Amino acid sequence: MTTMPDPRHDARRESCRESRRQWLRALAAAWLPVAGPAPLRAQGSLPGALRLVLTAPPGSSIDLLGRMVAERLRERLGVPVVPDNRPAAGGTAGTGEVARAAADGATIGLSFTGPLVLAPMLQSRLPYDPERQLAPIVLLGTAPNLLAVNASLPVASFREFIDHVRARPGRLNYSSSGNGSSAHLAMELLKAQAGLFIVHVPYNGAPPAAQAAAAGDVDAIMANPTALLPLIKAGRLRALATTGRGRWAGMSELPTVAESGFAGFEALAWNGFVAPAGTPREWLERLNREINAIVSAPDFKPRAEAAGWDVAGGSIEAFAGFMRAERARWAPVVKRSGAKID
């Protein structure tokens with residue numbers, strides 16, 4: 001008589017085989033070395049190309065420094081890095097584009113003091129929120145602003161400039177890189193402390209503002225050094241003072257505003273890389289590491305200093321803390337000045 005197979009026995013045998021397979025997999029895993037994070041490309045976080053939004057025009061410090069970084073970032077990442085100048089509205093247009101971009105790692109921006117810190121204090125209808133819609137990557141550099149005048153203006157020193165403007169209230173004007181820029185607020189702070197009445201003429205970036213001052217379209221300019229140095233060396237502009245805490249190494253003969261009768265005066269320009277909020281953290285950390293490596297290279301610092309900038313770098317958290325401190329420092333200044341863009 002033929003015995004029929006018992007399905008229950010087959011089920012038990014299959015259960016035993018599966019248990020043995022699971023045990024063998026667990027044993028093998030225990031002996032394998034612990035793997036690190038998967039490469040970003042395998043995780044899908046490394047884009048096929050990286051768009052770098054430059055929030056100021058060609059010839060500006062943002063443009064110069066951004067393209068220096070972009071060239072080396074392309075080599076380090078192995079993907080195209082495409083600079084894209086978006087200078088309108090004092091840098092807020094380009095910064096807003098970054099804030100509204102997809103958080104897929106394909107877009108980052110190089111922005112600066114005005115669009116990242118000052119604009120929300122000056123504009124009630126700013127079309128983005130830098131604190132909520134942008135993720136910090138790294139602080140790139142800092143620089144003092146320079147006060148310079150057209151070479152034909154009959155002043156040879158900062159004190160002479162103050163006296164000249166005071167004697168002609170409302171008759172002189174100055175250019176800056178735009179409403180809400182650090183240069184604009186630096187001059188507004190000086191106006192408040194020195195009791196000056198000088199008219200602000202905003203331009204779309206430092207290069208056209210500097211050319212206007214050199215041509216005599218405006219009497220003076222406050223701006224970071226990059227756009228001013230060639231015109232100062234050519235004798236078309238006369239530098240009078242810097243706005244840093246100490247004298248600037250690039251023109252150590254120039255006094256600071258602070259040492260010229262306005263103790264404690266300081267107004268630095270700065271810039272840094274940001275991404276849309278929600279960009280994967282591992283990609284932000286990768287960019288932070290790569291950019292820190294780029295700016296710490298021996299040949300990068302001299303090129304940045306020649307353009308008037310001190311290289312910064314540092315962690316994501318350090319840049320976030322720096323911007324919080326800048327917001328806290330400038331808020332009472334903006335309130336006292338009454339400056340508004342709307």
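In the predicted model, the axes of helix α7 (residues 158–166) and α8 come within 12 Å and cross at roughly 70°, where axes are lines fitted to C-alpha atoms, for helices over the stretch in contact, and angles run from 0 to 180 degrees between N-to-C directions. Helices (H or I, at least four residues) and strands (E, at least two) are DSSP runs, numbered from the N terminus. The two helices α7 and α8 are therefore roughly perpendicular to each other, given that angles under 35 degrees count as roughly parallel, over 145 as roughly antiparallel, 65 to 115 as roughly perpendicular and the rest as oblique. Phe158, Phe161, Ile162 and Arg166 of α7 meet Met187, Leu190 and Ala194 of α8, contact being defined as heavy atoms within 4.5 Å. The residues of this contact of α7 with α8 comprise six nonpolar, no polar and one charged, with Ala, Val, Leu, Ile, Met, Phe, Trp, Tyr, Cys and Pro counted as nonpolar, Asp, Glu, Lys and Arg as charged, and the others, Gly among them, as polar.

Residues are numbered from 1 along each chain as its sequence is written. Because the model is predicted, local features need pLDDT of at least 70 and side-chain atom pairs count only at pLDDT 80 or more, while totals for chains, interfaces and linings use all residues, and side-chain values use heavy atoms, with hydrogens and water left out.

For α3 and helix α11 (residues 281–295), the axes come within 10 Å and cross at roughly 120°, which makes α3 oblique to α11. The crossing of α3 past α11 is right-handed; a crossing is left-handed if the near helix is turned anticlockwise from the far one by less than a right angle, and right-handed if clockwise. On the α3 side the contact is made by Val69, Arg72, Leu73, Arg76 and Leu77, and on the α11 side by Trp283, Arg286, Leu287, Glu290, Ile291, Ala293 and Ile294. Eight nonpolar, no polar and four charged residues make up the contact of α3 with α11.

Helix α9 (residues 206–215) and helix α10 (residues 225–233) pack at an angle of about 30°, their axes lying 8 Å apart, and α9 and α10 are therefore roughly parallel to each other. Here too a right-handed crossing is found, as α9 passes α10. Ala206, Pro207, Ala210, Gln211 and Ala214 in α9 meet Ala227, Leu228 and Leu231 in α10, and the residues of the contact of α9 with α10 divide into seven nonpolar, one polar and no charged.

The structure also holds two cavities of 30 Å³ or more. On a 1 Å grid over the protein atoms alone, a cavity is a set of points where a 1.4 Å probe fits but cannot get out, and lining residues have an atom within 4 Å of a point; grid points are joined across faces, edges and corners, and a volume is the space filled by probe spheres set on the points. The largest cavity has a volume of about 210 Å³ and is lined by 25 residues, of which Ser61, Ile62, Phe112, Ser177 and Asn224 lie nearest its centre. To this lining α3 (61–77), α8 (182–194) and β10 (268–276) each supply at least two residues, and the largest share, three residues, comes from β10. By class, the lining of the largest cavity has eleven nonpolar, 14 polar and no charged residues.

The second largest cavity, with a volume of about 30 Å³, is lined by Leu65, Leu140, Gly141, Phe300, Ala304, Trp309, Asp310 and Val311.

Technical notes: On a 1 Å grid over the protein atoms alone, a cavity is a set of points where a 1.4 Å probe fits but cannot get out, and a pocket is an open set with protein on both sides within 12 Å along at least five of seven lines; lining residues have an atom within 4 Å of a point.
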